[in-house]
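Visitor: I have this one open on my screen and would like a quick walk through it. Can we start with the strands and then move on?

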Amino acid sequence: MSIDPQRFRTVLGAFCSGITVVTALDADGAPLGLTCQSFSSLSLDPPLVLLAPARSSSTWPRIRAVGGFGVAVLAAGQEDVALAMSRSGTDKFAGLDWAPSAHGRPRPAGIAAWLDCDLHAEHDGGDHTVVVGAVRDLDVTDHPPLLYHRGAFATPHRSEDRGDTP
């Protein structure tokens, strides 16, 4: 049975995900970044995360060469950051407020969470590369996350506001 790629995308679009930006500094100190919707926790012991940049990404090979990266979980209202980091051939950091993390990686201001990672492993993932990052440092804020659902950005409703419990 053959799966139609558009149908696959539509069905998986029903799964709500967060939006992350993966960052690093190249050997010359220039900031690098890409938007990555395919991100997940992988292991608690040791602390590992998983991300999957597209094989077509021109930025991922440059981040890979550095050997480590930061993952910024974008906050609600940071659609402009997600869009800027998804563009090719532009200065993705133009006008972006950021500071170096403790490990020297570009950390955008106003994010929901932050992870500093060392490159742990890479695996074939079809038209994506499955990247495993070993978490070295992390932080969280009280900002709600920016979500992606059915092909559009979304903002969550807090469960305590509705009286729901997970």
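**Strands, a helix and some rings**

Guide: Thr 20 stands opposite Cys 36 in strand 3. This is a predicted model.

Visitor: How many bridges do strand 2 and strand 3 share?

Guide: Six bridges, with strand 2 and strand 3 paired in the antiparallel sense.

Visitor: What is the strand order in the open sheet?

Guide: The order is 3-2-6-9-10-5-4, seven strands with antiparallel pairing. Strand 3 and strand 4 are the edge strands, each pairing on one side only. From one strand to the next, the twist averages 35 degrees.

Visitor: What holds strands of a sheet together, in general?

Guide: Backbone hydrogen bonds, and the pairing can be parallel or antiparallel.

Visitor: Go to the strand 4 end. What joins strand 4 to strand 5?

Guide: A hairpin, through four residues. Strand 4 covers residues 39-43 and strand 5 covers residues 48-51, and the two pair antiparallel over four bridges.

Visitor: Which residue in strand 5 is the bridge partner of Ser 40?

Guide: Leu 50. Strand 5 is also joined to strand 10, residues 128-140, by four bridges, and those two run antiparallel. There, Val 49 has Gly 133 in strand 10 as its bridge partner.

Visitor: Change of topic. Where does helix 3 lie?

Guide: Helix 3 lies across strand 2 and strand 3, and runs at about 110 degrees to strand 3.

Visitor: Which residues of helix 3 are buried?

Guide: Helix 3 spans residues 79-86, and its buried residues are Val 81, Ala 82, Ala 84 and Met 85. They sit on the same side of helix 3, because they cover an arc of only 165 degrees around the axis.

Visitor: And what covers the buried residues of helix 3?

Guide: The cover includes strand 2 (20-25), strand 3 (31-36) and strand 12 (152-154).

Visitor: Now the rings. How many aromatic pairs are there?

Guide: Three, counting rings whose centres lie within 6.5 Å. One of them is Trp 60 with Phe 69, edge-to-face, at 5.9 Å centre to centre and 75 degrees between the planes.

Visitor: Are Trp 60 and Phe 69 buried or exposed?

Guide: Both Trp 60 and Phe 69 are buried.

Visitor: What about Tyr 148 and Phe 153, and why is that pair called edge-to-face?

Guide: The ring planes of Tyr 148 and Phe 153 are at 75 degrees, so the pair is edge-to-face, with centres 5.6 Å apart. The cut-off for edge-to-face is over 60 degrees.

Key:
Residues are numbered from 1 along each chain as its sequence is written. This is a predicted model: local features need pLDDT of at least 70, side-chain atom pairs count only at pLDDT 80 or more; totals for chains, interfaces and linings use all residues. Side-chain values use heavy atoms; hydrogens and water are left out. Two strands pair if DSSP finds at least two bridges between them. Buried means under 20% relative accessible area, exposed over 50%, partly exposed in between (1.4 Å probe, protein chains only). The arc is that of the directions from the helix axis to the C-beta atoms. Contact means heavy atoms within 4.5 Å. Rings of Phe, Tyr and Trp (its six-membered ring) pair if their centres lie within 6.5 Å; planes under 30 degrees apart count as stacked, over 60 as edge-to-face and the rest as tilted. Axes are lines fitted to C-alpha atoms, for helices over the stretch in contact, and angles run from 0 to 180 degrees between N-to-C directions.
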